[in-house]
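Me: I have a structure open and want to go through a few local features. Can you take my questions as they come?
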Amino acid sequence: MSTSLNYKDKYGSYHLSIENGIICAIIEGAVGESFSRRYNQDFCALIAQLDQEKWGHYADFTLCEAMTEEAQHKSIELHNYAILKGCVASAYQISSALLTSQVNRVRQASQLPLPVNQHIFATKSECITFINNELADKTKL
């Protein structure tokens, strides 16, 4: 199975990959229910490929507009599954206030305590550094 997956519909697109044990996502456009269903399926396929107990997730949402209500519910389902499967750190690039609010709601529903703004960074390298530091801390425990 590939460690890079892509999908595009008339409203948006995504690219998912595994880079050094971190699931990376680039999402563009608007995210609806069918988009989210496919995204969750592909994300779970990548989780199954990871060969580590604890791992992290990076998402580039700089060109993502927003999620529908249904997509937010699918995102909550995916967050809960990812946590169950060992995701211990997430970091984001987000440029939309609406999407930031939506991601906060998803994180709260998944009982992730910190506000998302503490996980938003300007560059991918800052996100990856944050995730790697979190992984290092979590694997010491």
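Reply: Let me begin with a definition: a disulfide is a pair of cysteine sulfur atoms within 2.5 Å. Also, this is a predicted model.

Me: By this rule, how many disulfides does the count come to?
Reply: The count comes to zero disulfides. Cys 44 is in none, and the nearest cysteine sulfur, that of Cys 87, is 12 Å away.

Me: And where is the nearest cysteine sulfur for Cys 87?
Reply: That sulfur belongs to Cys 24 and is 11 Å away. Cys 87 is in no disulfide either.

Me: Is Cys 87 buried or exposed?
Reply: Cys 87 is buried, with a relative accessible area of 12%. Cys 44 counts as partly exposed, because its relative accessibility is 25% and the buried class ends under 20% while the exposed class starts over 50%.

Me: OK, strands now. What does S2 pair with in the antiparallel sense over eight bridges?
Reply: The partner there is strand S3, residues 22–31.

Me: How many bridges join S1 to S2?
Reply: Five, and these strands run antiparallel, with S1 covering residues 4–8. Lys 8 has Ser 13 as its bridge partner in S2. S1 and S2 form a hairpin, and three residues lie between them.

Me: How many residues of S2 are buried?
Reply: Six of the eight, so strand S2, residues 12–19, is mostly covered.

Me: Stay with Ser 13. Is it buried or exposed?
Reply: Ser 13 is buried, since its relative accessible area is 16% and the limit for buried is under 20%. The residue lies in strand S2.

Me: Leaving aside neighbours within four places in sequence, what is Ser 13 in contact with?
Reply: Tyr 7, Lys 8, Ile 26, Ile 27, Glu 28 and Phe 35. Lys 8 in that list is also the bridge partner of Ser 13.

Me: Now the other hairpin. How many residues are between S2 and S3?
Reply: Two residues separate S2 and S3 in that hairpin. Asn 20 is in the turn and has a positive phi of about 50°.

Me: Is Asn 20 buried or exposed?
Reply: Asn 20 is exposed, with a relative accessible area of 81%. Its place is in the loop between S2 and S3.

Me: Change of topic: how many aromatic pairs does a search of the whole structure find?
Reply: Eight aromatic pairs. In one of them, Tyr 39 and Phe 43, the ring centres are 5.8 Å apart and the planes are at 40°, so the pair is tilted.

Definitions and conventions. Residues numbered from 1 in each chain as written. Predicted model: local features only at pLDDT ≥ 70, side-chain atom pairs only at ≥ 80, totals over all residues. Heavy atoms only, no water. Buried < 20%, exposed > 50% of the residue type's maximum accessible area, 1.4 Å probe, protein only. Helix = DSSP H or I, 4+ residues; strand = E, 2+ residues; numbered from the N terminus. Pairing = 2+ DSSP bridges. Contact = heavy atoms within 4.5 Å. Phe/Tyr/Trp six-rings, centres within 6.5 Å; stacked < 30°, edge-to-face > 60°.
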